[in-house]
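Hello,

Here is the structure I promised to pass on to you. Please open it alongside this email, and then read my notes on what turned up.

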Amino acid sequence: MTNVTPGPLYPFKESPSQTAGPYVHIGLTPNFCGIEGVYDQDLGIAMVNDKTSGEHITVEGRVFDGAGTPLKDVLVEIWQADADGLYNSPAEPRGTADPAFTGWGRCAADQTTGHFRFETIKPGRVPFTDGRLQAPHINIWIVARGINLGLNTRIYFEDEADANAADPVFERFEHKDRVATLLAKGGNGKYSHDIHLQGPQETVFFDI
Amino acid sequence: MKNSRPQAANYFPRDRAWHPQAYAPGYKSSVLRAPQRPLIAFANTLSETTGPAFGHDLIGPLDNDLTLNFAQPGMSAIGERVVVQGRVMDERGQPVPNVLLEFWQANAGGRYRHKKDNYLAPLDPNFGGCGRTVTGDDGTYAFRTVRPGPYPWPNGPNDWRPAHIHISVFGQAFAQRLITQMYFEGDPLIPRCPIVRTINDPAAIDMLVARLDMDASAPMDSLTYRFDIVLRGSRSTLFENRLEGN
């Protein structure tokens, strides 16, 4: 008879989250907020260089609260595959991603307008758990004052209609009209994508 | 079309009753920043089980010493010298090696070096308030700083944050990304704080309270606080020698 360890499957609880607060920039983008000389440059500001494969794009947007006001203290991180659909991560089992692409970016919103902006590439497609391909997407994580646990969402692209129509994650949506909240608008390398935390245009957030 | 093998690792779902609630009206800023629609859940894909890695070569010699990393040569930040050390592990108790931690905090008087902070306590010219380190092969980390002061904030008419240090943690997957705050053992402001109280379970709050560790404290130098961090665990370990097929 095999020994069965009593107790829960996993004995430790995750450290609970707390808000990043209004001064998140001190820790995550110190040069951006005027604390210079500690780090050479802020992490995550350069995802691409001249050698990065794929279609170079910019994605710009704002995050709005439930009263329609843009968050000027929000910090956004993105994580995405390279042009071939590979992640630049030790946990990527399928091959080596483009070494000229970090896959990860961090941007503090403009403190006057609330705009965030990323210079990146259009990601390739990544398989879902059953092997079907997901539509091209960028994973986003949003933290700010008033957000107690970082919010996960995704950016898809409105000019990828065929791939979006077959995306396995979108299949989970009971209310199909909510797909539109995840579609970045634009094309020819320039996309805009606004995120609404609350209200009639509320963006879909995921429990990943 | 369903002939590929299952995903390598799946993270345990987050216990969202253990974490703070999005809508926690005692913390007023959360009221308009909390989604009202339910979150949509789906199985982890590689988009969630991968994440960026940051090497030890990122870390400069003073990055983990906030008493010195913004100070003029020969100077040091003013305040109670403390070392914070601990271990990053996952919910199964496995160490989480080689992941980036970032810290930020107010100075000893409770003042942040940020243009939006207009509290009357003065800036310390030798204190910036940011630091970072990468965990070792055993998941341990340490940084030196000064104990931050409490500070008032415009929430209720007389709300004060307990002394705290913000900590940002990368795990090995984007699904493990976490920002939290560390508090100090015995601080009477902890149970009064609306941000602490966004967490409902007292045992969860207790996980964020660092313990004074006299045995690790350096005589005539600095006190040490112990703060362990737990990230989400996964059903199988991605970094053992079974990258595929586990």
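**Salt bridges between the chains**

A:E14 is buried, with a relative accessible area of 3%. Before I go on, please keep in mind that this is a predicted model.

What does the side chain of A:E14 meet in a salt bridge? The partner is B:R14, at 3.0 Å from N to O. This pair crosses between chains: B:R14 sits in the segment before β1 of chain B, and A:E14 in the segment before α1 of chain A. B:R14 is buried too, at a relative accessible area of 7%.

A second pair to look up is B:R177 with A:E77, whose side chains form a salt bridge of 2.7 Å, N to O. B:R177 belongs to the loop between β8 (164–169) and β9 of chain B, while A:E77 is in strand β3 (residues 75–79) of chain A, so this pair joins two chains. The relative accessible area is 2% for B:R177, which is buried, and 0% for A:E77, also buried.

Over all chains, the count comes to 21 salt bridges.

**The nonpolar cores**

Which residues touch the most other members of the largest nonpolar core? They are B:Y141 and B:F227, in a core of 70 residues. Strand β9 (residues 178–184) of chain B gives the most to this core, namely five residues. Apart from it lies another core, with 27 residues, including A:F101, A:F116, A:I121 and A:A184.

**Strand pairing in chain B**

Strand β11 (residues 223–226) of chain B is worth a look, with two pairings to trace. With strand β2 (residues 81–90) of chain B, it pairs in the parallel sense over four bridges. One residue pair to find there is B:V83, whose bridge partner in β11(B) is B:T224. With strand β10 (residues 209–212) of chain B, β11(B) runs antiparallel, and two bridges join them. On that side, B:R211 has B:R226 in β11(B) as its bridge partner.

**Two residues with positive phi**

Most residues other than glycine have a negative phi. A:N188 has a positive value, near 55 degrees, and is not a glycine. You will find A:N188 in the loop between β8 (183–187) and β9 (190–192) of chain A. Is A:N188 buried or exposed? With a relative accessibility of 83%, A:N188 counts as exposed.

B:M220 is likewise not a glycine and has a positive phi, of about 65 degrees. B:M220 lies in the loop between β10 and β11 of chain B. At 88% relative accessibility, B:M220 is exposed.

**A buried loop residue and a surface patch**

In chain A, the loop between α1 (24–28) and β1 (56–61) contains A:N31. This residue, A:N31, is buried: its relative accessible area is 18%, and buried means under 20%. Leaving out residues up to four places away in sequence, A:N31 touches A:E36, A:G37, A:Y39, A:D40, A:Q41 and A:D42.

Finally, where can you see nonpolar side chains on the surface? B:Y23, B:V31 and B:L32 form a nonpolar patch there, with about 260 Å² of accessible area together. B:V31 is placed in the segment before β1 (40–41) of chain B. With a relative accessible area of 31%, B:V31 is partly exposed.

Enjoy exploring it!

Conventions
Residues are numbered from 1 along each chain as its sequence is written. Chains are lettered from A and ligands numbered from 1 in the order in which they are written. This is a predicted model: local features need pLDDT of at least 70, side-chain atom pairs count only at pLDDT 80 or more; totals for chains, interfaces and linings use all residues. Side-chain values use heavy atoms; hydrogens and water are left out. Patches are made of residues with over 30% relative accessible area and no salt bridge: like charges are joined within 9 Å, nonpolar side chains (Val, Leu, Ile, Met, Phe, Trp, Tyr) within 5 Å. Accessible areas come from the Shrake-Rupley method with a 1.4 Å probe; for residues, only the protein chains shown count as cover. A salt bridge is a side-chain nitrogen of Lys or Arg within 4 Å of a carboxyl oxygen of Asp or Glu. Buried means under 20% relative accessible area, exposed over 50%, partly exposed in between (1.4 Å probe, protein chains only). A nonpolar core is a set of buried Ala, Val, Leu, Ile, Met, Phe, Trp, Tyr and Cys residues joined through side-chain atoms within 4.5 Å. Contact means heavy atoms within 4.5 Å. Two strands pair if DSSP finds at least two bridges between them.
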